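User: I have a structure open and would like to work through it step by step. Can you take my questions in turn?

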Protein chains: 2
Amino acid sequence: MKIKKTLCSRIKNMNFNNISFGNHYSDHMFCSEFKNGKWKNSMIKPFGDIMLSPISPVFHYGQAVFEGMKAYKDKKNHVFLFRPKENFNRINQSAIRLEMPKIPEYIFMEGLQRLIDIDRNWIPKKYGESLYIRPFLIAKNGILSAKPAKDYMFMIVSTPAGSYYKNPLKVKIEEIYSRSAPGGVGFTKAAGNYASSFYPTRLAHEKGYDQILWTDSSTHTKIEESGTMNVFFWIKNKLITPKANDNILNGITCKSIISIAKKEGIVVEERELNVSEIIEGIREGELKEAFGCGTAVVINFFEIISYRNKNFFLPKLPIHQRLSIKLKKKLLDIQHNLSKDDFGWRFRLKKYF
Amino acid sequence: MKIKKTLCSRIKNMNFNNISFGNHYSDHMFCSEFKNGKWKNSMIKPFGDIMLSPISPVFHYGQAVFEGMKAYKDKKNHVFLFRPKENFNRINQSAIRLEMPKIPEYIFMEGLQRLIDIDRNWIPKKYGESLYIRPFLIAKNGILSAKPAKDYMFMIVSTPAGSYYKNPLKVKIEEIYSRSAPGGVGFTKAAGNYASSFYPTRLAHEKGYDQILWTDSSTHTKIEESGTMNVFFWIKNKLITPKANDNILNGITCKSIISIAKKEGIVVEERELNVSEIIEGIREGELKEAFGCGTAVVINFFEIISYRNKNFFLPKLPIHQRLSIKLKKKLLDIQHNLSKDDFGWRFRLKKYF
């Protein structure tokens, strides 16, 4: 792999005491090209603009998929990735559904490790902070017919991340707009899934809500996700999460929380979850907590769920009684190498330089 | 508007006797930028690569919409656009749904006219041939959070077009995969709608079909579109087309065909159309023709409709009895200035130079 290091690091512009997500990108990026049926030209180079033909299918047909993952430091400044092979597998599942070439494991894993190693000073050190890593695959060149490209580019960039949402969330159960369709691409991290949510999300913001609680497009009776998070509901001492299907992203944080909760002896149910069950659960005092989870946010609990213009207030549990906070700490402790890694999730980054 | 002309036209590489769609792009492109809430820097420049930050939301969140339109020549080499204001209105409807800024009419129309004027030698002269024009709007810069960009770029490129499909189509009624969801973005020309269709379309190709005949994602009983075309079925002497809704693109060629057909005294029904009605229509000999339409293809009729692994063969009408061919000719005659423009659809391009 070719490595071209920056001549002038931008890290001095970065204030690690006040991390504002996405305002600073680490010094380098990884690129690899798929051309004539082969992956080639893998390299690390200074973060900067890329040149593309205006005909590239990423601009016209949305042939683009991505991943979100994080690198953490422990107290000794050792660096850990969290379940990176899961991201590797999922970006290829997304790629297949969008008729894009699979990324070979050695390109994904080598590119990732070398890049994060070279930019390891960009990884914040505080508990809960991390370097957010964005691998993405886009279609380039091509012709204007609506068909898959022949050439592709796989890239990785990264940005320091503090905590994503600071406050408990107000979410609105959506009954007009949809995120995805059965038989569609909702289970993938296809770029187009996100732009289509911006407009309904703004409408929710204007009514005072942080995020939409998405329901199925056919009946709007079944809970799917919230914003870009998977969701959990703690009802009658069971932790219920919508079972992954065509419409629901197979979240890595979600899967991890399920494993941690089960290990803690909590009953977890992955199944269809009706809106009515949630509303009844709140009304009857049997829903104790609800929260969203994802790589960026980790876990964030809800304080209000709105349904048909009525705000339902969730119990104001003290922090030490919150299942969401307990699970978040368990997860962060594993990620920061503060607890035993019973699941084999930590991936220690070696030092190349 | 700034105009920077190419120093070396590539038109000598173009074989107008054998036009292969999308292999050659005309010499210039139009660009306009949206920055700090304002449109600026409109210019025409030589066709070529563009530079973007790897963080641009078009790469990660699919914030991209486009249009397809055509310029035609008449026998005197006058140039005509076809209903360009319809494309202007539709790209802004798409933009609104994807939370992108509306393009001002003067930028769209001026950019379009100046660009096509400067590249008018690229417009093929033969009947049925045209210059295919691709306006598109993409989100640039931004940060990695899944939210709308602040900066955008509107561009127009073009490529000479012969006839798109040459043979009658074999189409397959789809009951597993979906193109769009109610409450989704299927009615827009959002980039992401297209990439998500590539995989199911390849599966159809592998079974010997040219295109998918899409049905609704909830029940797979209602016909929506075929490939990237709107569809018409001629049953019991009525021309039936699925009524535009959330899931169905509001096609300009489709609307034009409805108007032409009505003027010809044909009964046109825009309504929900069930798969069962089509299959029964074929079985009982009451379905005479079925066809798809769109800007690229104009009109292309179907010879086979496959449903649940059974091929239904459509009547082999001679060309002169085909409603599809008759309507296509009426439309092309208007586009090429060979007939009276009763609807006011032609838009004559003035000469700037």
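Analyst: The answers below go from the chain pair to single residues, and the model is a predicted one.

User: By what turn can chain A be laid on chain B?
Analyst: Two copies of a chain are related by a rotation about an axis and a shift along it. Here the shift along the axis is 0.0 Å, and the RMSD is 0.0 Å. That is the relation of a two-fold axis. The turn is 180°.

User: Why do the copies meet through the same surface?
Analyst: Look at which residues touch. In the contact, 61 residues of chain A face 61 residues of chain B. The copies use the same surface because the interface residues of chain A are also interface residues in chain B, and the share is 100%.

User: What area is buried between chain A and chain B?
Analyst: Carbon and sulfur atoms give 66% of the area buried between these two chains. By class, the side of chain A that touches chain B has 18 polar, six charged and 37 nonpolar residues. The buried area comes to about 4,900 Å².

User: Which residues meet in a salt bridge between Arg202(B) and chain A?
Analyst: Side chains of opposite charge can pair when their charged atoms come close. The rule finds two salt bridges across the interface of chain A and chain B. In one of them, at 2.3 Å from N to O, Arg202(B) meets Glu99(A).

User: Which element gives the most to the side of chain A that touches chain B?
Analyst: Across the interface there are 20 residue pairs in polar contact. Elements that give two or more residues to this side of chain A include β4 (50-52), α2 (84-97), β8 (130-140) and α4 (192-206). With eight residues, the element that gives the most is α4(A).

User: How far apart along helix α4 of chain A are Arg202(A) and Glu206(A)?
Analyst: Their side chains meet in a salt bridge, 2.7 Å from N to O. Over all chains, the rule counts 46 salt bridges. Arg202(A) and Glu206(A) are four residues apart in the helix, so the separation is about one helical turn.

User: What is the phi of Arg308(A), in the turn between β17(A) and β18(A)?
Analyst: Four bridges join β17 (residues 298-307) to β18 (residues 310-313) in chain A, and the strands run antiparallel. Ser306(A) stands opposite Asn311(A) in this pairing. The strands form a hairpin with two residues between them, and Arg308(A) in the turn has a positive phi of about 50°.

User: Which residue in the hairpin of β17(B) and β18(B) takes a positive phi?
Analyst: In chain B these strands pair in the antiparallel sense over four bridges. Tyr307(B) stands opposite Lys310(B) in β18(B). The hairpin has two residues between the strands, and the residue with a positive phi near 50° is Arg308(B).

User: Where is Asn237(A) found, and what is its phi?
Analyst: Most residues other than glycine have a negative phi, and most peptide bonds are trans. Asn237(A) sits in the loop between β13 (230-235) and β14 (238-242) of chain A. Its phi is positive, near 65°.

User: In which loop is Arg83(B) placed?
Analyst: Arg83(B) is a residue other than glycine with a positive phi, near 50°. Its place is the loop of chain B between β7 (79-82) and α2 (84-97).

Key:
Residues are numbered from 1 along each chain as its sequence is written. Chains are lettered from A and ligands numbered from 1 in the order in which they are written. This is a predicted model: local features need pLDDT of at least 70, side-chain atom pairs count only at pLDDT 80 or more; totals for chains, interfaces and linings use all residues. Side-chain values use heavy atoms; hydrogens and water are left out. Copies are superposed by least squares on the C-alpha atoms of residues with pLDDT of at least 70 in both. Contact means heavy atoms within 4.5 Å. Buried area is the accessible area (1.4 Å probe) that two parts lose on being put together, summed over both. A salt bridge is a side-chain nitrogen of Lys or Arg within 4 Å of a carboxyl oxygen of Asp or Glu. A polar contact is a pair of N or O atoms within 3.5 Å; within protein, one must be able to donate a hydrogen and the other to accept it, and residues adjacent in sequence count only if both atoms are side-chain atoms. Ala, Val, Leu, Ile, Met, Phe, Trp, Tyr, Cys and Pro count as nonpolar, Asp, Glu, Lys and Arg as charged, and the others, Gly among them, as polar. Two strands pair if DSSP finds at least two bridges between them.
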